[in-house]
Amino acid sequence: MKDIFAHFRWFLGLGPKPAFERYAYWEKFDYWAVFWGMMVIGFSGYAMWFAPFFAHFLPGWALNAVLVIHSEEGLLAILFIFSIHFVNTHLRPGSFPMDIVIFTGVESEEEFKTKRAVEYERLAGQGKLEARLGSKPATWLVNFSRGVGAIAIAIGLILLVLTLTAYFGE
């Protein structure tokens, strides 16, 4: 929680830019949101898919509610992906147009020092920095990663447009 408050103080110009440990609060939120969404979409999807079974112990209104919950959670997932995940992962300064660490598994020392200053200092003090950084990825892997990432971003934007068109076109 202290990271969130420190970050909001910085947003409002009331404090210095905070430094983060291994994972920032928005990365944790992004990670756990997937599991919340999977449970809601999964349970509601099974309830609709096997409606005769669930009708034995759920009232009819509950099955109608499940349909609404399922569709709204799907829309919420789309909106979350493109308002929180997309902005934090792709549009943030230092990550635009994408962070290729997901494909290469390696980030430069400067990138690491900038993004995770607290962890950087801790590992440097413990003498474990070299083990964390790893070796520089091959040029072909970096280029391939950028190509795959660009295609993924394009597909995601197309799907967003199609989803919003279908949603607002009703």
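A pocket here is an open set of points on a 1 Å grid over the protein atoms alone, where a 1.4 Å probe fits, with protein on both sides within 12 Å along at least five of seven lines; lining residues have an atom within 4 Å of a point.

Before going on, this is a predicted model, in which local features need pLDDT of at least 70, side-chain atom pairs count only at pLDDT 80 or more, and totals for chains, interfaces and linings use all residues. Residues are numbered from 1 along each chain as its sequence is written, and side-chain values use heavy atoms, with hydrogens and water left out.

Helices are DSSP runs (H or I, at least four residues), numbered from the N terminus.

Now the largest pocket, at about 970 Å³. It is lined by 31 residues, and Glu 27, His 85, Thr 89, Asp 99 and Ile 102 are the closest to its centre. Two or more lining residues come from each of H2 (25-49), H4 (60-91), H5 (101-104) and H9 (139-168). H4 has the largest share, seven residues.

Next, helix H7, residues 117-126. Which of its residues are buried? They are Glu 119, Tyr 120 and Leu 123, where buried means under 20% relative accessible area, exposed over 50%, and partly exposed in between (1.4 Å probe, protein chains only). Seen down the axis of H7, these buried residues fall within an arc of 100 degrees, so they line one face of the helix. That arc is taken from the directions from the helix axis to the C-beta atoms. Glu 121 and Gly 125, on the other side of H7, are exposed. The buried residues pack against H6 (109-115) and H8 (129-133), with contact meaning heavy atoms within 4.5 Å. Just after H7, Gly 127 has a positive phi of about 75 degrees.

Last, the salt bridge count is one, the rule being a side-chain nitrogen of Lys or Arg within 4 Å of a carboxyl oxygen of Asp or Glu. Lys 2 and Asp 3 form it, at 3.9 Å, N to O. Asp 3 is partly exposed at 22% relative accessible area, and Lys 2 is exposed at 68%.

Notes
Points joined across faces, edges and corners; volume = space filled by probe spheres on them.
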